[in-house]
Amino acid sequence: MAGGTALRRSVYRLRLSWKLTSLNVRARLEYRVEFALGILAGILWQASVMVFATVLISRFPGLGGWSSGGVLLIASIRLLSHAVYGVLFANVNRLHAIVQEGKLEAFLLRPLPVYRQVVLHQFHINTFGDLAVAVTLFSLALRRLALEWTPFKIVFLCAAVVGGALIEAAVQTALSCAALRSPTATADWTGWLDHTLSTFGNYPLAILPGAVSGLLTFVLPVAFIAYLPAAVLTGTYEGTLVPREIALASPCAGVVLFLAARRLWNWNMRRYEGIGG
Amino acid sequence: MNSKSVPVIAERLTKTFRVAHRSAGFMGGVRAIFRPTWEYKPVVRGVSLSVQPGELVALLGPNGAGKSTTIKMLTGIVAPTTGSVRLCGLDPHRNREENARNIGAVFGQRSQLWWDLPARDSLVMLRDIFEVPAGEYRERLRQFDDMLELSRFWDTRVRHLSLGQRVRCDLAAALLHDPAVLFLDEPTIGMDVLVKEQVREFLRHQVAEDGKAVLLTTHDMKEVEHLAERIILINDGEEMFEGGVAALRSRFGATWKVHVTLSDAVGHPRLAHARIVAREGARVTFGPRPEASAPLGHALKEIINAYPVSDVSTEEDSLEDIMRTYLGGAAAARQSASGGSRMAAR
Amino acid sequence: MTPVGAVATIGRLCRITRVTWLSELLEPGRMVSTAIQVGSQVFLTACLWTALYAHTEVSAGLQEHQAVGYAVLAVLASRLRPLSRDMAPDSFYRHMREGTILYWFLRPLPPHRYHLVRALGDQAHGLLWVLAGYGLCTTAGVVPLPDGRWTLPAFLVSMFLGQVIVYQLSLILDLLCFWTVANSNALHVSHFVQSLLSGAFAPLWFFPGWFTTANSFLPFQSTLHIPLSIYVGRIPVNRVPREVAVQAVWCLLLWLITRTLWKRAESRVAVQGG
């Protein structure tokens, strides 16, 4: 009986999320030109990576001990997980705008968890652009790498993509807690975080000095998003700061970090003080 | 008393905000990062109130008095520093999701509707969010349409609606799931007269026929006169007054005048509730007795029974006059007191 | 204009340019985050290009220190006209949307001069950041110092012309707001295109021949690619006059376009009224 109700609730929640999303898409479609340009802008935004990748492939033999195909693999895993993040969690870093517009208070008066409402409150058309670029890069990488694809590797790849999305979501969620108290200041740092993840996440961290690469592995877990999973897939472990076992556990890092970030978020949400008079 | 029977009950609510103190200029900003100092601002200092089903209570007070914060505590958006709130028996802050079905809210300045889509799409979405059965939804929408004429504009995009149209849609959205309690924050601000009257009629219906408990904040005194049975006056975070409109009048020394035209010259019987203030031939003006301020209704009855009256008109201090006098007095008192006592708490 | 009037005008203009400075200075948090953002990007760029050249001596005519220098300077130069102004409450786009652009035409200061003065303020503010960054980078050895007597002066002239072209291009984009309902996505697209074609993503020398040929017919490479190539020595001094002449021609052409657009805009505002 309890199981049946739980199943019904999950189905109901999924259907509600679907309805909310389609409502938001319809709202965006109101501005058709902006919609089309949004997709284009998304493609181009990530295509700066493509530009660099093209330069890299055509002129240089590799980067930091990685072949050009390997670097493309890192970039494409990162972009794939970013696209998954974009579909599922992207609005988390818009919390500062939601708070400032007073929308958060409307969310608090609805019988739905606030986090879910934040995540569903807008639909990002850019995500399709991200996905297109990610798939292109991935196919380029595959062509250049002579990898043998075992079933384990395929499963690991999927898990790593999801894990990477969860890490990005965890980091952005943790930052957005600050938006509940000082929304204006958080806006700057959100942009910086986005920027850092996308620039440093696309390249093998071996090219950076050890201290920095350590920062980006243990403080801001950028390495676990794409670099370490790609290391597992290609077997290139020099330059990574963690042993092979930990690199294999990258997807788990995503789950653990995300749960921790959600806890932090809920804790902060309970202490929300409201805005204005 | 079974707390479930009283939709809203709040006891000794206080709210103190801790604000980072930041002096002006660049150095101030730098100092704030490295050595932050905190200020404690008490915004609500002990407000207790309750709203019964089928009752409309008006929350009055100057800006910054703590009205919005009180409402936020009542709706569960913010947790009180001390004190307790029960909404239909639940703690609105702790049981937020469950309690959301008991609350409807309209904040005059901010709409909860989706901006780029027709209003009706928002209502359908809210129906799904609140899990309103289809039959009930249709019936309620028909009712709202009857009273607020929504069908004229519910297919227009919300961003193209006028203020009056948008607030009417917001009202429908707030009441779609039949909540027990309705919170209204300045709902008729900026509306034209006809729409205001329509909304007031609608609210009266919700209170009287549907038995909802309604808490209304407003600056529009006419609205208070027309709708509110009870008034709670908040100033500086404290409750200054609670009671009916008549009690408010007598408490703040409101006066009235009755102008009559006598059809016959008569003697002057002594009245209990009124006395003659002026007379000019057949025109006599009565005012309240200084010792016992009687309500206008009683005095009027007495005058008409005692005198042969061919014409009568009454004049009463409007609530606006009362508020103006009260607030002016309070501001003056605060100015004279601020010389010594008030310092920001460290 | 009398000398007194001229001084007063200059004083007024200086005060107008201060607006951007003041709002930035009053937010130490924003300055810190900007510093960190620029710093981390410069750092990554330097590491990236150094690593790329680990096994290569020369590529596309650029040696390692030239490529690194070019890339880092490109990052710094992009701070001169940051996109963030579009998000500021007083950006041109916002003014158009909310109709407050009307006030520009009612002030004693002609609107095109006001636009220019505000832009100068922004650019001057960005210049401080650039100079600070430049000082740090040359000290750290990331950016090479210019060699040869004429390299630095040639670079400065070319850079100045490049910045004029940058201003004119952004002005044209702003002015197009009068005719279209511009939106932030269009701005993002144009920003990307400009960055790509001016060499901000990767030095243009690395791109295939057809790309660079087509690009030479556009003004974008005059904004960044030419000055930076002069600085790192990729364009020898004897070829500088030709490149600078091309830049000057673009300046003139764009100036003519902007003048025409301003006139049309003024007449359009007069027609549409309040």
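The dialogue below takes up cores, then a sheet.

Guide: This is a predicted model, in which local features need pLDDT of at least 70, side-chain atom pairs count only at pLDDT 80 or more, and totals for chains, interfaces and linings use all residues. Residues are numbered from 1 along each chain as its sequence is written, chains are lettered from A and ligands numbered from 1 in written order, and side-chain values use heavy atoms, without hydrogens and water.

Visitor: Which residues have the most contacts inside the largest nonpolar core?

Guide: A nonpolar core is a set of buried Ala, Val, Leu, Ile, Met, Phe, Trp, Tyr and Cys residues joined through side-chain atoms within 4.5 Å; buried means under 20% relative accessible area (1.4 Å probe, protein chains only). Here the largest core has 117 residues, and Leu63(A), Leu208(A) and Trp49(C) have the most contacts inside it. A second, separate core of 61 residues includes Met125(B) and Tyr326(B).

Visitor: What is Leu208(A) in contact with, leaving aside neighbours within four places in sequence?

Guide: Contact means heavy atoms within 4.5 Å. The partners of Leu208(A) include Phe200(A) and Leu216(A), together with Phe43(C), Leu44(C) and Cys47(C).

Visitor: What is the strand order of the open sheet in chain B?

Guide: Strands are DSSP runs (E, at least two residues), numbered from the N terminus, and two strands pair if DSSP finds at least two bridges between them. The six strands follow the order E5-E6-E7-E3-E8-E9, with mixed pairing. Strands E5 (103–107) and E9 (238–243) of chain B are the edges, each pairing on one side only. E5(B) and E6(B) run parallel, joined by five bridges; Ala105(B) has Phe183(B) as its bridge partner in E6(B).

How values were computed: Buried < 20%, exposed > 50% of the residue type's maximum accessible area, 1.4 Å probe, protein only. Helix = DSSP H or I, 4+ residues; strand = E, 2+ residues; numbered from the N terminus.
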